[in-house]
Amino acid sequence: MSSANAARARRCVYEVVLGLIESEKPVKRKHLASATALMAAGALALSACGEAPEESGGGGEGGEGTDYLGCIVSDAGGWDDKSFNQSAAEGLEMAVEELGIDEARAESQSDSDFSPNVDSMVGQGCNMTMGVGFLLEDSIQQAAEANPDLHFGLIDSTFSDADGESTELENGKPIIFNTAEASFLAGYLAAGMSETGTVATFGGIQIPSVTIFMDGFADGVDEYNADNDEDVSLLGWDKESQEGSFSGDFDNQSQGQALTEQFISQDADIIMPVAGPVGLGAASAAQDEEGTKIIWVDSDGYESTDYGDIILTSVMKEISNAVKDTIAEDVNGNFSAEPYVGTLENEGVGLAPYHDFEGEVPEELDSKVQELREQIISGELTVESPSSP
Amino acid sequence: MSEKTATGQPVPAAPDKAAAPEPPAPTLLRDILSGSWMVSVLSIFVGLLAGAVLIAAADTNVQSTLGYFFSRPTDLLVSVWQTVSEAYLALFRGAVFDWEAQSFVRAVRPFTESLVASTPLILAGLGIALGFRSGLFNIGGQGQVILGAIFAGFIGYWLTLPLGLHMLLAIAAGIVGGAIWGGIAGALKARTGANEVIVTIMLNSIAGYLIAYLLKQEWFRQTGSANPQSRVVDESAALFPLLPEPFRLNAGFLVAVVATVLVWWLLERSTLGFEFRAVGENPHAARTAGISVGRVTLVAMMVAGALAGLAGAAQVLGTEQKLTMGIGGSLGFDAITVALLGRSRPVGTFLAGLLFGAFKAGGYTMQAQTGTPIDIILVVQSVIVLLIAAPPLVRAIFRLPAPVGKGAR
């Protein structure tokens, strides 16, 4: 702000305040009332003395060129869940910025909101409607079948028929991720970095898109043990029986904290919470115990959380890129209903940089992790999970 | 005067209220019930006004024009007017009639969607209202809805029965499920004097974890996938649609209408309803008159639970068609606000359910088309209920005279 502007703003504040005092004089009101009025006026004046913009050009609101409408419906987590709803919304935002399309969003508050939300998107003619999460499968599928000329996307789930057998739609694209590949590397790394010889993981709710992380992690630990003749143990998940620890939801951070404290008391020093924001509770518990590290999931926790100094690495799931790419394809007229499967190869999933732990990860271990990564990409090594897409 | 007010029990004040110039510290429940219809209407008005302020404040356009308010105030006023009117028009179009829709079906569909959204609210609201009238704060609508949904849903996809019979059995199962859950709280209160507020809240948690547990079990889900959702209910058990395909309106709404009439009859015309109300008005007097307060408490909680269970059944057999962990949504709590707005009268609850259903259905369109945060709807509803719970506040705002010489009807 230039000094002339600042001076004008200040004068404006004085004028408003003086004006108010003048107007208060004749009618002597209660002190409290006038004080509040002054304060309110002051606050208003400070923010309200800018200059009016030039009155020209009927505000063309973005979206020039295309009349494409990209739409997205969240599950009950909402757009600020620091997890997949947020990533998906960011993907749409990127598409809006890069492609100049219009957007519409609907946040669901409960399961009964899914169908009406998807339907209101269809109603306003969305070219592409994305549903975030397996819970939206039915709503998206029904809308796709009823509107063959519109396109749909479904994140984290494929479509299935009434008996639960997976099916394909002509105008609905599932966007799924083989996160086991990346969490396999995380498991290997964790086992190699553990000083106590115990690592742990827990999930939010036992659903395939969560347990796939835990399966890969378990296999990674096993691989390390086999390679190095070690006996690093894993708490919180048994891949054989598909049983383990779950916090019960994706909201309750104190539950994540309690679970993590239990793991720490059982000697675990590296913990991977697969529970969205519940992981923040895990991180806060880990911070209280010297030497305990966290492996974040979905996004790079070093950047998305405040716990960068204890985050060893993150198992990333590039939802936002997948959303943006899917919309971009559709805008360019190249929509295909073939499922998008994020893998290490297409960088739909991956391991984040070590950031603060760059110097602490032994070179040997790091090169082994890179080697495994190459092996998975080349197909030499396959990571299997009952939840794999 | 009541001796039990410290425990939060809605024991009514002595009936000498009419003589006093100011109500002699009536209990909360009494105060809520004694408000006039005018207060309800004005509360809705103030609620919408509060919503308008928030809609304007949340809009980026309004925020930027506020930045230069003193150089060109008209910009702010125009943008506030545009934002608020657009949002509320979208709300109306989503709830009643959409004149901007591309087809006739889409234009009239919003009203049916309002009815769909109001069905469970009316049913669960009736359950809460019946509890209020019997002097019971039933906060357990949520758990009772979930139990009703579990029972009705499981019968709906597990059994194979002929058309019609299957549906009736599934509905009956929902009623039984809710009645059991309400009955537990009622029995504990009748036998041990346990506070029904606390017990029902605990039962809500138990129901929430129970459905989470059941949906993990393969025998219960009956699907091949590991996702925690059940199989779709059989066609023979589903509440039949009242209108063809794009409409979602189903027989659940008829159930809600019938339930409203039945609850009206029960409360206003039957002996049992008279006992409910007598215990609700004054349990001591009722006991003196020979009414078994414990039995009435138990039965009232069971009937209240049955109605909430019916709401769960209508959800799972009608609109949702399968069980998920979120099948109950926040129905049990929304139902409390519906019962309050309806002043715990069956017809009032029915109308309040319609209004909140319309808010719900309209909210989808408002959010999707104008980008207004959906939480605004919750604020509007909350302000309405807040004002209804405090009639003197509304009277103060609109300078209405206090009601004279009139206790709760």
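This talk covers a sheet in chain A and a pair of helices in chain B of a predicted model.

I'll start with the sheet. Six strands of chain A form an open sheet with mixed pairing, in the order S9-S8-S12-S13-S14-S16. Which strands stand at the edges? They are S9, residues 233-235, and S16, residues 349-351. Each has a single partner strand, so one side of each is left without a neighbour in the sheet. If we ignore direction, neighbouring strands here are turned by 20° against each other on average.

As background, strands of a sheet pair through backbone hydrogen bonds, and the pairing is either parallel or antiparallel. One pair in chain A is S13, residues 293-298, with S14, residues 311-317; the two run parallel and are joined by five bridges. If you want a place to look, A:Asp298 stands opposite A:Met316 in S14(A).

Now chain B. How many helices and strands does chain B have? The count is 17 helices and zero strands. Chain B has 409 residues, and 53% of them count as buried. Among its contacts with a separation of 6 or more, 73% are between residues 24 or more positions apart.

Two of these helices are H10, residues 252-269, and H11, residues 271-281, both in chain B. Their axes come within 5 Å and cross at roughly 70°. H10(B) and H11(B) are therefore roughly perpendicular to each other. On the H10(B) side, the contact has B:Leu266, B:Leu267, B:Glu268 and B:Arg269. They meet B:Leu272, B:Gly273, B:Phe276 and B:Arg277 in H11(B). Sorted by type, the residues of this contact are four nonpolar, one polar and three charged.

Terms used:
Residues are numbered from 1 along each chain as its sequence is written. Chains are lettered from A and ligands numbered from 1 in the order in which they are written. This is a predicted model: local features need pLDDT of at least 70, side-chain atom pairs count only at pLDDT 80 or more; totals for chains, interfaces and linings use all residues. Axes are lines fitted to C-alpha atoms, for helices over the stretch in contact, and angles run from 0 to 180 degrees between N-to-C directions. Helices (H or I, at least four residues) and strands (E, at least two) are DSSP runs, numbered from the N terminus. Angles under 35 degrees count as roughly parallel, over 145 as roughly antiparallel, 65 to 115 as roughly perpendicular and the rest as oblique. Two residues are in contact if their C-beta atoms, placed from the backbone, lie within 7 Å. Ala, Val, Leu, Ile, Met, Phe, Trp, Tyr, Cys and Pro count as nonpolar, Asp, Glu, Lys and Arg as charged, and the others, Gly among them, as polar. A residue is buried if 20 or more other C-beta atoms lie within 10 Å of its own, exposed if 12 or fewer, and partly exposed in between; C-beta atoms are placed from the backbone. Two strands pair if DSSP finds at least two bridges between them.
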